[in-house]
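Visitor: I have this one open on my screen and would like to go through some side chains. Can we start once it is up?

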Amino acid sequence: MKKFEEKSLHSTPIYAGKVISLKVDDVLLPNGKESKREIVTHPGAVAVIAITAEGKLVLVEQYRKALERSIIEIPAGKLEPGEAPEHTARRELEEETGYGCHSLTYLQTFATSPGFADEVIHLFVAQDLYKIEAKAELDEDEFVELLEVTVEEAEKMVKEQGIFDAKTAFAVLWMKANQ
């Protein structure tokens, strides 16, 4: 048994949507008592730290309904069934920014909200970027604006909460540490 493991006794599906599903699990706690856990399941995602030849970070601004505001993020997107994370990273970079890359390096995978969701993000670094002439189209419900910023400009955006999500704040810290 894993340290502090909670054994699932029963799982009740609540909702199955296009992006997420929700279930409630009855669990046996390490102390022998029972409890309930509300869990969001997600297919996983990728995010890309895209760096231009000038050393700038490529970002996109888009509206996030859950937050009721626009935020500035690194390119990212959901894994499609059976799709390798590297393929998703290349696809999302092209769709959201119009860039392709000759160098795509896996950095790490991390959980986004482990208290209630199983989503993980596979993080990549894209370098040696090139503009794609006939770029892929955004999803029909996706509207983004492209930005290319210095690390100092990105740090300012974090302080002013224009950059408001963890994956992008992490990307800014990584850029600062690796420039």
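Visitor: Is Phe170 buried, partly exposed or exposed?
Guide: Phe170 is partly exposed, with a relative accessible area of 29%. Buried means under 20% relative accessible area, exposed over 50%, and partly exposed in between, with a 1.4 Å probe and protein chains only. This is a predicted model, where local features need pLDDT of at least 70 and side-chain atom pairs count only at pLDDT 80 or more, while totals for chains, interfaces and linings use all residues. Residues are numbered from 1 along each chain as its sequence is written, and side-chain values use heavy atoms, with hydrogens and water left out.

Visitor: How many aromatic pairs are there?
Guide: Two. Rings of Phe, Tyr and Trp (its six-membered ring) pair if their centres lie within 6.5 Å; planes under 30 degrees apart are stacked, over 60 edge-to-face, and the rest tilted. Tyr106 and Phe124 have ring centres 5.7 Å apart and planes at 75°, so they are edge-to-face.

Visitor: And what is the geometry of Phe110 and Phe170?
Guide: That pair is tilted, at 5.8 Å centre to centre and 40° between the planes. Phe110 lies in strand β8 and Phe170 in helix α3 (residues 166-177), 60 residues apart. Helices (H or I, at least four residues) and strands (E, at least two) are DSSP runs, numbered from the N terminus. Phe110 counts as buried, at 18% relative accessibility.

Visitor: Switching to Glu119. Where is it?
Guide: Glu119 is in the loop between β8 (99-111) and β9 (120-131).

Visitor: Which residue does Lys167 bridge to, then?
Guide: Asp165, with the closest N and O atoms 2.6 Å apart. Both Asp165 and Lys167 are buried. Salt bridges with shared partners join Arg64, Glu73, Asp165 and Lys167 into one network.

Visitor: How many salt bridges does the count come to?
Guide: The count is 14. One of them joins Glu92 and Arg91, at 2.8 Å from N to O, and Glu92 is buried at 5% relative accessible area.

Conventions: A salt bridge is a side-chain nitrogen of Lys or Arg within 4 Å of a carboxyl oxygen of Asp or Glu.
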